[in-house]
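Please open the model in the viewer and keep the selection panel at hand.

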Amino acid sequence: MPVRDRRTVVMHRVTNPLSALALTLAVLSAAACTAEISKSNGNPTTPGSGTAGSTGTTTGGAPPIIAVSNCAALPPPRAPLRRLTRIEYNNTMRDLLGDLTSPGNAFPSELSGNGFGNDADSQPVGSELADQYMKVSETVSAAVTTPGGIAKLAACAGQVTPATDAATETACVRSIVDSFVPKAWRRAPLPGEADSVLALFQAVRAKADFPTSVAAMLQGVLQSPEFLYKPEFGAAVAGKPQVKQPTGDEMATRLSYLYWSSTPDDVLRAAASSGGLATAAGVRTQAERLLNDPKSRPVIAQFFDKLLPIQGLAGLARDATTYPAYNPKVGAAMRLETQTFLEHQIFSGEAGSGTWPNVFTADYTYVNQDLAAFYGMAGITGDTFQKVPLDTTKRRGLLTQAGILAGPIHTNHANPVVRGSFVVQKLLCYPIPFPTGAIAAKVTPPDPNSAATARQRFTQHSMDPVCKSCHVNMDPVGYALENFDPIGQYRTEENAVPIDATGTTPLLPKPFNGAIELGQQLAESPEVQDCFATQWMSYGYGRNVKADTEVCSMNEVHTKFKDAGYNIKSLLLDLTQSDAFLYLPAVPE
């Protein structure tokens, strides 16, 4: 499909718009269009081409510094076409139609891709997803066009009766099209597009009643690629033939889905229309408004759910006899502890908070009554999470929160390898390749009865020279966390043998003894700070950001993060000030 024709593949009119097969084929056609658009941008289209479970960068630490003058001569990084994720779909339906049923939960789970489930290169549309798009759009549209709901689309729609003449009906539906379609497509329709939507209503109206016909029209809009995807075509930039600038509507979409995982609100759409998003300063003004709105909090929680091992804490496999302090309610509280703590760090403005290094050294946490009992803290009652000081001889910062310690472990037995792997890959962005072939055949957990302590068991486990090349990086980090059992409770012994929590790894400059010293080194590590910024780039830009191909944009974001004292809120705003966010590669005709 020629690039100049991409916008025309928006509505897929079919002979019988209510045909399940026809509507499914329409969505599949949209997916084919997506692949064509992606190829025209010079982007790969192979589903899952991102590395599953990757951490968002292919090398540990900061990339080499390149002179700004050299970077200025390069086009901005690739901007692949992105499809709405399940969460984005749910939020968009909520804000567009008032649907609170989370209909996107019916869709298949996203592929990991960049590690956050929103990687544009890992968003294939198979028959199951296409079928669910059809079914969900039918359900949502039917709910909207009930007698009590259709008037919310337009007041005139609630007044239509069987006696209403065709011209009045058409005028009413045209008003629905004129108000609904620009919000659903996140841009004004091009000439003829609104007529195509109206024609869909008219084709069904010849055979069905008014509400059914309006519902069919909504189904068509909700299954169009302009709704399901976030296409970007850009506008030429004077003096910069290698780039394009997102249009006002496209920039509004970038901003709203970055901070709210949802469609632009009226204020953002007005800024887009008035030219208020044509400059970096205008973009930052809206970014500050969106980030400071409470709607940004769930998006930030979603990021940390994917970055940290906390999402499944309520369902850990733990033996109740061995670990009576753990239950699903406590597991859920562990997750909320981390989320509440991080939200406070980012938004409270409290002295000593707000930076990524502070997250690893904070001398407080948040607990409710259940979690306080788990930690052995007295005087905390109720379900509300309260800020409490820590015994800093045992715990300090994120790394010693029970959820971070328990989350990586999926059995009843200690496993320093998986804990160390989490820290090394997610917090240091150092990749640990998953073993394959003959090496994979050797990968079996050590017998839990083979030695008294996990350190002894896993030291024997990793003696193989081939295995050692990876384990030397992650095992010592895991050993530093061995003062905490598999549910995150503090201990000094395992099987009556004192815990040895000392370690050293090539990835950190000094030896460490225990989780608090390890956390301090993470707080002081430039590589950890750069890794955190890169993780946000991968999440915010919806692709696997790689140091070997995007060193300029990474340096740009990393430098601003450092200059802001590694302030997290500043990082979230500066994501919108990079060339990767403000520009697109020029698309060849």
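Begin with the open sheet, in which three strands lie in the order β1-β2-β9 with antiparallel pairing. Two strands count as paired if DSSP finds at least two bridges between them; helices (H or I, at least four residues) and strands (E, at least two) are DSSP runs, numbered from the N terminus. This is a predicted model, in which local features need pLDDT of at least 70 and side-chain atom pairs count only at pLDDT 80 or more, while totals for chains, interfaces and linings use all residues. Residues are numbered from 1 along each chain as its sequence is written, and side-chain values use heavy atoms, with hydrogens and water left out.

Within β2, Q245 is the bridge partner of A235.

Now select helix α12 (residues 280-292) together with helix α13 (residues 296-307). Their axes, which are lines fitted to C-alpha atoms over the stretch in contact, are 7 Å apart. The helices pack at an angle of about 85°, on a scale from 0 to 180 degrees between N-to-C directions. That makes α12 roughly perpendicular to α13, a term for angles of 65 to 115 degrees. Display L290, L291 and N292 of α12 with S296, R297 and I300 of α13, which make the contact (heavy atoms within 4.5 Å). These residues divide into three nonpolar, two polar and one charged. Here Ala, Val, Leu, Ile, Met, Phe, Trp, Tyr, Cys and Pro count as nonpolar, Asp, Glu, Lys and Arg as charged, and the others, Gly among them, as polar.

Two loop residues come next. Most residues other than glycine have a negative phi. Select R186, in the loop between α6 (166-185) and α7 (193-205); R186 has a positive phi of about 60°. Is R186 buried or exposed? R186 is buried, at 7% relative accessible area; buried means under 20% and exposed over 50%, with a 1.4 Å probe and protein chains only. Then select A496, in the loop between β5 (493-494) and β6 (497-498). A496 has a positive phi of about 70° and counts as exposed, at 64% relative accessibility.

Finally, show the whole chain, which has 26 helices and nine strands. Buried residues make up 55% of its 589 residues.

Technical notes: Parallel < 35°, antiparallel > 145°, perpendicular 65-115°, else oblique.
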